[in-house]
Amino acid sequence: MPATVLLVDDEPLVRAGLRAVLTAQPDIEVVAEAADGAAVIPLVRRLRPDVVAMDVRMPLMDGIEATRALLRTVSDPPKILVVTTFENDEYVYEALRAGADGFLLKRARPAEIVHAVRLVAEGESLLFPASVRQLAAEYGDGGGNPAARAAMERAALTEREAEVLRLMARGLSNAEIAGRLIVGTETVKSHVSAVLAKLGARDRTQAVIAAYESGFVAPG
């Protein structure tokens with residue numbers, strides 16, 4: 001089954017460009033478009049897309065608020081990929097903190113756009129880990145977030161789970177982590193699931209954000 005995508009951007013040309021790139025792929029289907037974040041929840045409830053590709057800045061409801069609303073009100077929500085003009089942008093980091101699974105630059109090449117949608121849909125690797133580290137370094141309180149530190153302490157990760165989280169933060173996929181630790185991929189998946197459950201994170205992006213903000217992993 002192809003990965004289904006909902007495009008949300010107030011610029012028709014951006015939506016048209018994304019649609020042209022994505023619909024050229026046999027394993028991706030664009031199911032709908034919207035011009036503002038306020039339209040996201042009804043469309044998601046009706047169409048159940050796998051991925052929402054959403055502009056981070058829109059005039060009525062921006063991508064940050066739309067992400068919060070979507071995760072707050074929709075059960076089993078889709079993956080969220082925020083689309084932005086600027087990579088090093090506090091709005092992008094706030095969208096990730098709100099629950100977005102990754103971000104995509106509007107100037108990205110077609111191959112990068114397709115790769116980002118596939119990677120987010122699969123959920124087994126961190127999208128643009130170096131950029132996430134840079135954002136965390138600039139906007140993540142330098143590991144001094146008390147709530148994040150307390151949550152990390154409560155999680156009481158085992159030594160192996162902590163090792164897996166550090167490798168996740170470096171952007172390694174499950175298969176790459178398995179190769180590094182010399183264990184099976186299913187074992188890594190079990191460890192990742194345990195880390196997410198203990199941290200109360202919906203996906204590996206949120207777990208990695210928590211790791212940076214708690215100081216468990218240094219963003220440098």
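**Close-up 1. Ala156 in the loop between helix 7 and helix 8.** In this predicted model, Ala156 is placed in the loop that joins helix 7 (146-155) to helix 8. Although Ala156 is not a glycine, its phi is positive, at about 50°.

**Close-up 2. Arg48 in the loop between helix 2 and strand 3.** Arg48 sits in the loop between helix 2 (40-47) and strand 3 (51-55), and, while not a glycine, Arg48 has a positive phi of about 50°. With a relative accessibility of 37%, Arg48 counts as partly exposed, because that class covers the values between the 20% and 50% limits.

**Close-up 3. The buried face of helix 6.** Within helix 6 (residues 129-139), the buried residues are Pro129, Ser131, Val132, Leu135, Ala136 and Tyr139. Viewed down the axis of helix 6, these buried residues fall within an arc of 155°, and they therefore line one face of the helix. An α-helix has 3.6 residues a turn, so residues three or four places apart point the same way. The elements that cover the buried residues of helix 6 include helix 4 (90-98), strand 5 (102-105), helix 8 (159-169) and helix 11 (204-214). After helix 6 comes Asp141, whose phi is positive, near 65°.

**Close-up 4. The packing of helix 4 against helix 6.** The axes of helix 4 and helix 6 are 10 Å apart, and the two helices pack at an angle of about 100°. Because angles of 65 to 115 degrees count as roughly perpendicular, helix 4 is described as roughly perpendicular to helix 6. On the side of helix 4, the residues that take part are Glu90, Val92, Tyr93, Leu96 and Arg97, and these meet Val132, Leu135, Ala136 and Tyr139 in helix 6. Taken together, the residues of this contact between helix 4 and helix 6 divide into seven nonpolar, no polar and two charged.

**Close-up 5. The buried Asp101 and its surroundings.** Asp101 lies in the loop between helix 4 and strand 5. Its relative accessibility is 6%, and Asp101 therefore counts as buried, the cut-off being under 20%. A polar atom of the Asp101 side chain lies 2.6 Å from the backbone nitrogen of Ile80. When neighbours within four places in sequence are left aside, the residues in contact with Asp101 are Pro78, Lys79, Ile80, Leu96, Val120, Arg202, Asp203 and Thr205.

How values were computed: Residues are numbered from 1 along each chain as its sequence is written. This is a predicted model: local features need pLDDT of at least 70, side-chain atom pairs count only at pLDDT 80 or more; totals for chains, interfaces and linings use all residues. Side-chain values use heavy atoms; hydrogens and water are left out. Buried means under 20% relative accessible area, exposed over 50%, partly exposed in between (1.4 Å probe, protein chains only). Helices (H or I, at least four residues) and strands (E, at least two) are DSSP runs, numbered from the N terminus. The arc is that of the directions from the helix axis to the C-beta atoms. Contact means heavy atoms within 4.5 Å. Axes are lines fitted to C-alpha atoms, for helices over the stretch in contact, and angles run from 0 to 180 degrees between N-to-C directions. Angles under 35 degrees count as roughly parallel, over 145 as roughly antiparallel, 65 to 115 as roughly perpendicular and the rest as oblique. Ala, Val, Leu, Ile, Met, Phe, Trp, Tyr, Cys and Pro count as nonpolar, Asp, Glu, Lys and Arg as charged, and the others, Gly among them, as polar. A polar contact is a pair of N or O atoms within 3.5 Å; within protein, one must be able to donate a hydrogen and the other to accept it, and residues adjacent in sequence count only if both atoms are side-chain atoms.
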